[in-house]
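Here's a quick briefing to read with the model open in your viewer. Keep the sequence to hand as you go through the topics.

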Amino acid sequence: MTPTKKIIATAIGISLVSMSTFAQAVSTTSNENKNKDTDVKIGLGLGGVKSDSTLNTASVMGIGVSAYAKYFLTPELHTRLSAGMNFETGSSSSARDNNIYTPSNGNYLKEALVSYSPLELIELEGGVINQSFLDAPMVVDKKGFIAAKEKFQYKVLDTLFSVVATQAIPNNRNLSQRIDVTEEGDPRFYAESLVIDQQLYIGDIKFSLTHFAYDNISNSVAYESILLGNSGTPINKGNGVLANTYSGWNIDLKYAFDISNNYKLELNGNTLKNTAASENNSAYRAGAKLTYASEGNRYSLKIENFSIDADASVAYYNSSRYGMANKEGNRIRFEYKNMPKQINLGAELISNKVINQNVYQSDETVILFSLRKTYDLF
């Protein structure tokens, strides 16, 4: 193990021990302080997916229960926890053993961390950190990794500059939405981002530049990734060798402005390149979102076009919404939110096609829907 990796592993270990100590402190705090310093929510959800392709089909329905808690031990120090359970039923078939939409039941942990801000400019986190803060779904999905995260931000007039770095150990078990992999590897994920938020005379713009790198990807994750579109050799079940390594750059640009008091338009563009691969190494997504809000109700419609080459990113770790690897297509998502009642309804249609034909993939149509109700406990 290199000195850098030893330092990272030590930092993560210290963070986890600290988190356990802080959790004990929370459990012994009085109810009065909890009501003052704690935010606790419970969510109930119903969802389903219908997937259809030449090789894979699935019809799945399920319910879920989730919990979120945030507790301030001091103004500078707080803990966050987000976890839940899913119960699903339905049917699925797969010609290549790579159907990610098969029914499953189980627990999940999105987040369990300690956050410390010794200064207003600095934030340090350790524990299980959800990677959604990167806002780079074609690089890594919204999953909880054991990680350390460092953030520095500084505002100049109407411009906010942020520098964020994370050092993580990706999950290898039940990470893809449905595929179950038990594996012996010791993978690493690193990302460093520069984010600029600028308030304009009309609207707001956000620019993100992220360098990412995966290291020590195991043979079992490589095998699953090859079935999902990456280039490589699947030696046998659970044992594969990827043709490339994965490190590169992700650039994201967003612009949002109010059309009127009720209507808002958001535009987004994202490009990705795996500089460690010589070909089939790029991806992009571009879209627009129109939102209408009135009297506590919010309706939104988002349309996106995307393309992700076979070796742009690790298929096992990125988002299924964009085909994982070697796919191009379109997404349409409708969402309704009732803010006072905390009800969220979503429906999504994804249509993707294989870029380079192979025996593991086929064109696919996916329909998803979800209904969620959140309750504030205190």
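Start with a charge sitting on a ring: lysine 149 lies over the face of phenylalanine 133, at 4.1 Å from the ring centre. Bear in mind that this is a predicted model. Its pLDDT averages 89 over the chain, and 87% of the residues score at least 70.

**Lysines over rings**
- Lysine 149 belongs to strand β6, and with a relative accessibility of 8% this lysine counts as buried, because the cut-off for that is under 20%.
- Beyond four places in sequence, lysine 149 touches Glu123, Leu124, Glu125, Ile129, Phe133, Val164, Ala165 and Thr166.
- There's another case at lysine 373, which lies over the face of tyrosine 375 at 5.1 Å from the ring centre.

**Aromatic pairs**
- The structure holds ten aromatic pairs.
- Take phenylalanine 145 and phenylalanine 189: their ring centres are 6.4 Å apart and their planes sit at 75°, so the pair is edge-to-face.
- Phenylalanine 145 is in strand β6 and phenylalanine 189 in strand β8, so this pair ties together parts that are 44 residues apart in sequence.
- Both phenylalanine 145 and phenylalanine 189 are buried.
- Ring pairs also link up into a cluster made of Phe145, Phe189, Tyr214, Tyr316 and Tyr317.

**The largest nonpolar core**
- This core has 40 residues, and the ones touching the most other members are Val139, Val140, Phe189, Tyr214, Leu272 and Tyr317.
- Elements that each supply at least two of the core residues include β2 (56-74), β6 (144-156), β8 (188-199), β9 (204-215), α3 (219-227), β15 (297-308) and β18 (364-376).
- The top contributor is α3, with three residues.

**Helix α3**
- The buried ones are Ser220, Val221, Ala222, Tyr223, Glu224, Ser225, Ile226 and Leu227.
- Their cover includes β10 (232-236) and β11 (239-242).
- After α3 comes glycine 229, with a positive phi near 125°.

- β1 (residues 38-53) pairs with β2 in the antiparallel sense over 15 bridges, and a hairpin joins β1 to β2 through two residues.
- Within that pairing, glycine 47 has glycine 62 of β2 as its bridge partner.
- β1 also pairs with β18, again antiparallel, over 13 bridges; there, glycine 45 has arginine 372 of β18 as its bridge partner.
- Methionine 61 lies in β2 and, at 38% relative accessibility, counts as partly exposed.
- The C-alpha atoms of methionine 61 and glutamate 88 are 5.6 Å apart, although the two residues are 27 apart in sequence.
- Setting aside neighbours within four places in sequence, methionine 61 is in contact with Leu46, Gly47, Gly48, Phe87, Glu88, Thr89 and Phe369.

How values were computed: Residues numbered from 1 in each chain as written. Predicted model: local features only at pLDDT ≥ 70, side-chain atom pairs only at ≥ 80, totals over all residues. Heavy atoms only, no water. Core = buried A, V, L, I, M, F, W, Y, C linked by side-chain atoms within 4.5 Å. Buried < 20%, exposed > 50% of the residue type's maximum accessible area, 1.4 Å probe, protein only. Helix = DSSP H or I, 4+ residues; strand = E, 2+ residues; numbered from the N terminus. Contact = heavy atoms within 4.5 Å. pLDDT = per-residue confidence, 0-100. Pairing = 2+ DSSP bridges. Phe/Tyr/Trp six-rings, centres within 6.5 Å; stacked < 30°, edge-to-face > 60°. Lys NZ or Arg CZ within 6 Å of the ring centre and 35° of its normal.
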